[in-house]
Amino acid sequence: MNGIESVQTNSPIEARYAKEVAKNEKPYFNLKAANHQIIGTSQMYSSTAARDNGIKSVMENGKTTTIKDLT
C-alpha cells in the first residue's frame with residue numbers, strides 16, 4: 001500500500017519523471033519519489049513523443065484512488 005500511495009502522491013508532479021534512453025536506444029521513463037528513489041519504470045517506447053504521452057497519461061491517471069487488485 002505504501003508503494004501505491006507513493007505513486008498516487010508523486011505521479012502528478014512533472015519534476016518526478018526522469019526521461020531516459022535504454023541501451024537499445026528506446027526511450028522510457030522512471031517515476032521517482034521525493035527522496036529520488038525510483039517507484040516506477042515505464043515500458044520501452046517507440047519514440048520520445050510516445051514516451052512523453054505515456055508520462056502525460058500517468059500524470060493524469062496515477063493519482064486515482066481506485067485500486068484494482070488483479071492478482
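Helices (H or I, at least four residues) and strands (E, at least two) are DSSP runs, numbered from the N terminus. In these terms, Glu25 lies in the loop between β1 and β2. The model described here is predicted, with local features requiring pLDDT of at least 70 and side-chain atom pairs counted only at pLDDT 80 or more, whereas totals for chains, interfaces and linings use all residues. Residues are numbered from 1 along each chain as its sequence is written, and side-chain values rest on heavy atoms, with hydrogens and water left out.

The strands are considered first as a sheet. Two strands are taken to pair if DSSP finds at least two bridges between them. On this basis, three strands form an open, antiparallel sheet in the order β1-β2-β3.

Strand β2 (residues 27–32) is joined to β1 by five bridges, and the two run antiparallel. Within this pairing, Tyr17 stands opposite Leu31 in β2, and Asn30 in β2 is the bridge partner of Ala18. The pairing of β2 with β3, also antiparallel, extends over three bridges; here Leu31 has Gly40 in β3 as its bridge partner. Burial is assigned by relative accessible area (buried under 20%, exposed over 50%, partly exposed in between; 1.4 Å probe, protein chains only). Five of the six residues of β2 are buried, so this strand is largely enclosed by the rest of the structure.

Both connections in the sheet are hairpins. Five residues separate β1 from β2 in their hairpin, and Glu25 in the turn has a positive phi of about 70°. At 67% relative accessibility, Glu25 counts as exposed. The hairpin of β2 and β3 likewise has five residues between its strands, with His36 in the turn at a positive phi of about 75°. His36 is exposed, its relative accessible area being 63%. Most residues other than glycine have a negative phi.

Helix α2 (residues 48–61) lies across β1 and β2, running at about 155° to β1. The largest nonpolar core consists of five residues, Tyr17, Phe29, Leu31, Tyr45 and Ile55; such a core is a set of buried Ala, Val, Leu, Ile, Met, Phe, Trp, Tyr and Cys residues joined through side-chain atoms within 4.5 Å. Contact in general means heavy atoms within 4.5 Å. Not counting residues up to four places away in sequence, Tyr17 touches Ser11, Phe29, Asn30, Leu31, Ile55, Val58 and Met59.

Asn10 belongs to helix α1 (residues 2–10) and counts as buried at 5% relative accessibility. Its polar contacts (pairs of N or O atoms within 3.5 Å; within protein, one must be able to donate a hydrogen and the other to accept it, and residues adjacent in sequence count only if both atoms are side-chain atoms) include one of 2.7 Å between the side chains of Asn10 and Arg16. The side chain of Asn10 also reaches the backbone oxygen of Ser6, at 2.8 Å. Beyond residues up to four places away in sequence, Asn10 touches Arg16, Leu31, Lys32, Ala33, Ala34 and Ile39.

Gly62 is placed in the segment after α2 and, at 15% relative accessibility, counts as buried. Although Gly62 and Ser6 are 56 residues apart in sequence, their C-alpha atoms are 10.0 Å apart in space. With neighbours within four places in sequence left aside, Gly62 is in contact with Val7, Gln8, Ser11 and Ser57.

Notes. Axes are lines fitted to C-alpha atoms, for helices over the stretch in contact, and angles run from 0 to 180 degrees between N-to-C directions.
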